[in-house]
Amino acid sequence: MRKIVRAKLHGIRVTGADLDYHGSITLDPDHCEAAGILPMEFVDIWNKNSGARISTYVIYGERGSRCCILNGAAARTCQRGDEVIIANSEYIQESELEHIKPVVLTFHPDNSVREHLGYSVGRDEQGRLSFEIVRFDPV
């Protein structure tokens, strides 16, 4: 089994930090559904501003709010306005690699979706693995 990226919210901005909450990251369900991130699913979070890396689970916030709120201990790793990358992953058989299409959303400064992209693995004419970023229809 290989651990691969399944979905990514790239460059979403932190809208809040609540140290006194139970823990986790609160995200807009619209963003999560577009990418394929489930409530209570564990995600990795990488802060582009500070370099901090954490792992926590997702809870859904208010639909349409464009929120990205770090809660509990995670609130210490980010400040409002920081750009973060949020990714989930899954374990697959290596033979499945060419059949999955991870979703990548990129964001404007107001956390509206800029691009709806995907990753695609294929094979070249010599049978070697190839990789490309593909653009999906606008959201």
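**Ground rules.** I count two strands as paired if DSSP finds at least two bridges between them. Helices (H or I, at least four residues) and strands (E, at least two) are DSSP runs, numbered from the N terminus. I have a predicted model here, so local features need pLDDT of at least 70, side-chain atom pairs count only at pLDDT 80 or more, and totals for chains, interfaces and linings use all residues. Residues are numbered from 1 along each chain as its sequence is written, and side-chain values use heavy atoms, with hydrogens and water left out.

**Overall.** I find one helix and ten strands in the protein. Reading from the N terminus, I get the order β-β-β-α-β-β-β-β-β-β-β. Along the principal axes, the C-alpha atoms fill a box of roughly 55 × 30 × 25 Å. I checked the radius of gyration too (taken over C-alpha atoms; the globule rule is 2.2 Å times the number of residues to the power 0.38). A compact globule of 139 residues would come out near 14 Å, and the protein has 16 Å, which agrees. For contacts I use heavy atoms within 4.5 Å. Among contacts between residues at least 6 apart in sequence, 68% join residues at least 24 apart.

**The sheet.** I traced an open sheet of ten strands with mixed pairing, in the order E2-E6-E3-E5-E4-E7-E1-E8-E9-E10. E2 and E10 (129–135) are the edge strands, each pairing on one side only. From one strand to the next the twist averages 30°; axes are lines fitted to C-alpha atoms, for helices over the stretch in contact, and angles run from 0 to 180 degrees between N-to-C directions.

**Around E6.** E2 (residues 16–18) pairs with E6 (residues 68–71) in the parallel sense over three bridges, and I see Ala17 opposite Leu70 there. E3 (residues 24–27) runs antiparallel to E6, with four bridges between them. Thr26 has Ile69 as its bridge partner in E6.

**E4 and E7.** These two run antiparallel and are joined by four bridges. I noted Ala87 in E7 as the bridge partner of Asp44.

**Around E8.** Which way do E8 and E9 pair, parallel or antiparallel? I get the antiparallel sense, over five bridges. Leu105 stands opposite His116 in E9. With E1, E8 runs parallel, over four bridges, and Leu9 is opposite Leu105 in that pair. In the hairpin of E8 and E9, five residues lie between the strands, and Asn111 takes a positive phi near 70°.

**Burial.** I call a residue buried under 20% relative accessible area, exposed over 50%, and partly exposed in between (1.4 Å probe, protein chains only). Buried residues make up 42% of the 139 in the protein. In E8, five of its five residues are buried. Val103, Leu105 and Phe107 are on one side and Val104 and Thr106 on the other.

**The core.** In soluble globular proteins, nonpolar side chains tend to be buried together. I define a nonpolar core as a set of buried Ala, Val, Leu, Ile, Met, Phe, Trp, Tyr and Cys residues joined through side-chain atoms within 4.5 Å. The largest one has 22 residues, and Leu9, Ile25 and Ile86 have the most contacts inside it. Among the elements giving two or more residues to this core are E1 (2–13), E3, helix H1 (29–35), E5 (53–60) and E8 (103–107).

**Two loop residues.** Is Ser112 buried or exposed? Ser112 sits in the loop between E8 and E9 (113–123), and it counts as buried because its relative accessible area is 16%. Its side chain makes a polar contact of 2.6 Å with that of Asp110. By polar contact I mean a pair of N or O atoms within 3.5 Å; within protein, one must be able to donate a hydrogen and the other to accept it, and residues adjacent in sequence count only if both atoms are side-chain atoms. Not counting residues up to four places away in sequence, Ser112 touches Arg66, Thr106 and Phe107.

Gly81 is in the loop between E6 and E7. I put Gly81 down as partly exposed because its relative accessibility is 41%. With residues up to four places away in sequence left out, Gly81 touches Arg13 and Val14. Gly81 and Glu98 are 17 residues apart in sequence and 36 Å apart in space, C-alpha to C-alpha.
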